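Trainee: I am new to this structure. Could you walk me through it, one question at a time?

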Amino acid sequence: MTVLSMLPTLRDALMHQLNSESLTSLLKNRPANKLEIWEDLKIISFTRSIVAVYSTCMLVVLLRVQLNIIGGYIYLDNAALCKNGTTPLAPPEVQQQYLSSIQHLLGDGLTELITIVKQAVHKVFGSISLKHTLSLLELEQKLKDIREVVEHKDSDQTVPYSPLCHYLMPDEENPLATQAFGLTERDIATIKLLNETRDMLESPDFSTVLSTCLNRGFSRLLDNMAEFFRPTEQDLSQNGSVHSLSSVSLPLAKIIPIINGQIHSVCSETPSHFVQDLLMMEQVKDFAANVYEAFSTPQQLEK
């Protein structure tokens, strides 16, 4: 299981739930409610590319955590088997059941994330006219405003972990625990792994790494869009010193198809510069190494 192998599933789920293509097709027929369709397209286009950044970053970090926890257990199992042939802590069927929990992020978690991001996009862009022009710097600020809404902790919330954890894994009342026929040894081992993973996701270190990934992800999204904000020959002839990111502005109606197409760049499996960039980050590699170290120590056997 790799991030790249899961990107097509993520992209298809996003495009299914946020189908901007059907709206674009409607516009070609010059309908009477053209403005209404454009407004819907505005919200959907921003929502799906922003959710693509969030969910891809989450997928990268969550899978690194899971694979390194599994790696730690495999190391311990190999060490224990060499000594006295004890029962494996994480046999292949447990590993498979455990790793399948990532489907939450691609299913219910993704649906809930879409709802929250869509509300934030509506709050920030809902009242902005399609004719209103935005520079790249202004667009960057709008994305920051949306992130502030999505990642904001309630004033009475005292938990130290990221509010985004909720979309990564199902709640602690694990569906395995409610099986009618009771729990098998495999189920108990899987629940133990899931609980340990949840503890890891609720750590301050995970919150910091995910936040760093999101900063990089949104920065790359803006870099991709910067190509469309380059000054034209006419701009340069009128003002030879046009170099500033704020010098070129585009109407929101022209920005919509640009942001709409970014999902293909973010969720592209071949080649995925976006994912590769995240995987190569020192913070991600260091965190993954720390997770492996924590779960490959003999003390883990005593828990």
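Trainee: Is W38 buried, exposed or partly exposed?

Mentor: This is a predicted model, in which local features need pLDDT of at least 70, side-chain atom pairs count only at pLDDT 80 or more, and totals for chains, interfaces and linings use all residues. Residues are numbered from 1 along each chain as its sequence is written, and side-chain values use heavy atoms, with hydrogens and water left out. Buried means under 20% relative accessible area, exposed over 50%, and partly exposed in between, with a 1.4 Å probe and protein chains only. W38 has 21% relative accessibility, so W38 counts as partly exposed.

Trainee: Where is W38, and which residues is it in contact with?

Mentor: W38 sits in helix α3; helices are DSSP runs of H or I with at least four residues, strands are runs of E with at least two, and both are numbered from the N terminus. Contact means heavy atoms within 4.5 Å. L130 is 92 residues from W38 in sequence, with 8.2 Å between their C-alpha atoms. Leaving aside neighbours within four places in sequence, the contacts of W38 are L27, L130, A253 and I256.

Trainee: How many aromatic pairs are there, and what kind do Y54 and F218 form?

Mentor: Rings of Phe, Tyr and Trp (its six-membered ring) pair if their centres lie within 6.5 Å; planes under 30 degrees apart count as stacked, over 60 as edge-to-face and the rest as tilted. A search of the whole structure gives four aromatic pairs. For Y54 and F218, the centres are 5.4 Å apart and the planes make an angle of 75°, a pair that is edge-to-face.

Trainee: Why does the pair of Y54 and F218 tie together parts that are apart in sequence?

Mentor: Y54 is buried at 0% relative accessible area, and F218 is buried too, at 5%. Y54 belongs to helix α3 (residues 34-84) and F218 to helix α10 (residues 204-226), so the pair ties together parts separated in sequence by 164 residues.

Trainee: What kind of pair do Y73 and F295 form?

Mentor: Y73 is buried at 3% relative accessibility, and F295 is buried at 5%. Their ring centres are 6.1 Å apart and their planes lie at 45°, so the pair is tilted. Y73 lies in helix α3 and F295 in helix α15 (residues 282-295), so this pair ties together parts whose separation in sequence is 222 residues.

Trainee: Are α10 and α15 roughly parallel or roughly antiparallel?

Mentor: Axes are lines fitted to C-alpha atoms, for helices over the stretch in contact, and angles run from 0 to 180 degrees between N-to-C directions. Angles under 35 degrees count as roughly parallel, over 145 as roughly antiparallel, 65 to 115 as roughly perpendicular and the rest as oblique. The axes of α10 and α15 are 9 Å apart, at an angle of about 155°. The two helices are therefore roughly antiparallel.

Trainee: Which residues of α10 and α15 meet?

Mentor: From α10 come D205, F206, V209, T212 and C213. From α15, the residues that meet them are Q283, V284 and F287.

Trainee: Where is S268, and which residues does it touch?

Mentor: S268 lies in the loop between α13 (262-266) and α14 (273-279). S268 has 17% relative accessibility, so it counts as buried. Not counting residues up to four places away in sequence, S268 touches L7 and R11.
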